[in-house]
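Dear colleague,

Please find below the structure that I am handing over to you. My findings follow directly after it.

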Amino acid sequence: MKLTVKEFVEAIEEEELYKLQYDLNKGSIGLKSLVDEKIKAVENLPKKFCAVCGDGLVDKEGTFSIIFKHEKLKKKASFCAIDCMEFFISKIKKAKELEPSKIKSNIERTNV
Ligand SMILES: [Zn+2]
């Protein structure tokens, strides 16, 4: 189920809504913790397809992933092989040359 924040607020029970309001008024520590945990879980989920060629990655070994920041958001892209990752990175380099402050990259190897 995919919800926007507005849809989420409209969907939750009244009691949860009051708890959320209380948390927000107290500095949102509970909500921040929930969001941080969910983002960590999402980032650890393996991607199903190569971001460049679209090949399936589920049963493939020796795939690669990068996590990078783009416009204040962290994004993850996975690749079937070094060639696809290099192609993607070359695109990031070109974008970085245009707007160097917007993209920071962090490369990690998965399924070694
Ligand atoms: Zn690929």
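This is a predicted model: local features need pLDDT of at least 70, side-chain atom pairs count only at pLDDT 80 or more; totals for chains, interfaces and linings use all residues.

The protein chain contains four helices and three strands, arranged from the N terminus as α-α-α-β-β-α-β. Of its 112 residues, 10% count as buried. Among contacts in the protein chain with a separation of 6 or more, 51% are between residues 24 or more positions apart.

The largest nonpolar core is made up of eight residues: Cys50, Leu57, Phe64, Ile66, Phe79, Cys80, Cys84 and Met85. Both β1 (64-70) and α4 (82-98) contribute at least two residues each to this core. In soluble globular proteins, nonpolar side chains tend to be buried together. Cysteine 80, a member of the core, is in contact with Cys50, Cys53, Asp55, Leu57, Lys60 and Thr63, when neighbours within four places in sequence are left aside.

Helix α3 (residues 29-44) spans 23 Å from its first C-alpha to its last, close to the 22 Å expected for its 16 residues. Because the number of buried residues among these 16 is zero, α3 lies largely in the open.

Lysine 48 sits in the loop between α3 and β1. This lysine is exposed, because 9 other C-beta atoms lie within 10 Å. Apart from neighbours within four places in sequence, lysine 48 is in contact with Gly56, Leu57 and Val58. Its C-alpha atom is separated by 9.6 Å from that of phenylalanine 79, which is 31 residues away along the chain.

With kind regards

Note on methods:
Residues are numbered from 1 along each chain as its sequence is written. A nonpolar core is a set of buried Ala, Val, Leu, Ile, Met, Phe, Trp, Tyr and Cys residues joined through C-beta atoms within 7 Å. A residue is buried if 20 or more other C-beta atoms lie within 10 Å of its own, exposed if 12 or fewer, and partly exposed in between; C-beta atoms are placed from the backbone. Two residues are in contact if their C-beta atoms, placed from the backbone, lie within 7 Å. The expected span of a helix is 1.5 Å times one less than its number of residues.
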